[in-house]
Amino acid sequence: MIDYSIRIEAPAEIVFGMLTEADLLTHWMAHEAEVTLRPGGAFRWVYENGDVVLGRFVEIDAPRRLVLAYGWEVPASRGIPPASTEVEITLEDIDGATQLRLVHRGLPPADVASHRVGWESFLGRLASRLSEAAA
């Protein structure tokens, strides 16, 4: 399991949009993104290297909480099929900024470290992009 928190210098409404809107996801994480934002709706993120995440929205409580069924379409060799793990993201307003907490459950033990590095890298990029936009 991964349990990671980061402070982002932007209101929760803006952070939530960056996590859920296809055109905004391409500003910090994915090369291409498709999103159907509703419970049961699908999402698909294509990275620069061609890897593809595929899943669905389980819970949406804008702008406070998001639960995703998450996995990899490409490469299939990752052994984490689409929608086979759970990512829970909570957003808490703190003095005009947002404390984002991500909990990723159900990963095979051998994949926890690489996913932690990925989440920390991408969420760090998100925080930087929003900090730059505020400046």
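## Start at the hairpin

Select E4 and E5: a hairpin of three residues joins E4 to E5. Keep in mind that you are looking at a predicted model. E4 covers residues 52-61, and the two strands run antiparallel, paired over nine bridges. For one end of the pairing, pick aspartate 61, whose bridge partner in E5 is arginine 65. Then pick valine 52, which has valine 74 as its bridge partner in E5.

Stay on E5 for a moment. Is this strand mostly covered or mostly open? Mostly covered: seven of the 10 residues of E5 are buried.

## Step across to E6

Show tyrosine 70 and you can find its bridge partner in E6, threonine 85.

## Zoom out to the sheet

Colour the strands one by one. In what order do they sit in the sheet? Seven strands line up as E1-E7-E6-E5-E4-E3-E2, with antiparallel pairing, and the sheet is open. Its edge strands are E1 (2-8) and E2 (32-35), each of which pairs on one side only. On average, and ignoring direction, neighbouring strands are turned by 20° against each other.

Next, bring in the helices. H1, residues 12-20, packs on the sheet and touches E1, E2, E4, E5, E6 (85-94) and E7 (97-105). The direction of H1 makes about 155° with that of E6. H3 packs on the sheet as well, touching E1, E3 (42-46), E5, E6 and E7. Compare directions here too: H3 makes about 10° with E1.

## A closer look at H1

## Stop at threonine 98

Jump to threonine 98, in strand E7. How buried is threonine 98? Its relative accessible area is 1%, and the cut-off for buried is under 20%, so threonine 98 counts as buried.

Show what surrounds this residue. Beyond its neighbours within four places in sequence, threonine 98 is in contact with Ile6, Arg7, Ile8, Ala10, Pro11, Ala12, Val15, Leu91, Glu92 and Asp93.

For a distance check, draw a line to alanine 42. The C-alpha atoms of threonine 98 and alanine 42 are separated by 26 Å, and the two residues are 56 residues apart along the chain.

Last stop: the largest pocket, with a volume of about 220 Å³. Select its lining: Met29, Tyr47, Asn49, Asp51, Tyr70, Trp72, Arg78, Ser114, His115, Gly118, Trp119 and Phe122. Strand E5 (65-74) and helix H3 (112-134) are the elements that give two or more residues to this lining. Which of them gives the most? H3 does, with five residues.

Now colour the lining by residue type: six residues are nonpolar, four polar and two charged. Leave Tyr70 on screen as you finish; this lining residue is also the one bridged to threonine 85 in E6.

Technical notes. Residues numbered from 1 in each chain as written. Predicted model: local features only at pLDDT ≥ 70, side-chain atom pairs only at ≥ 80, totals over all residues. Heavy atoms only, no water. 1 Å grid on protein atoms, 1.4 Å probe; cavity = no way out; pocket = protein on both sides within 12 Å on 5 of 7 lines; lining within 4 Å. Points joined across faces, edges and corners; volume = space filled by probe spheres on them. Helix = DSSP H or I, 4+ residues; strand = E, 2+ residues; numbered from the N terminus. Nonpolar A, V, L, I, M, F, W, Y, C, P; charged D, E, K, R; others polar. Pairing = 2+ DSSP bridges. Axes fitted to C-alpha atoms, helices over the stretch in contact; angles between N-to-C directions. Contact = heavy atoms within 4.5 Å. Buried < 20%, exposed > 50% of the residue type's maximum accessible area, 1.4 Å probe, protein only.
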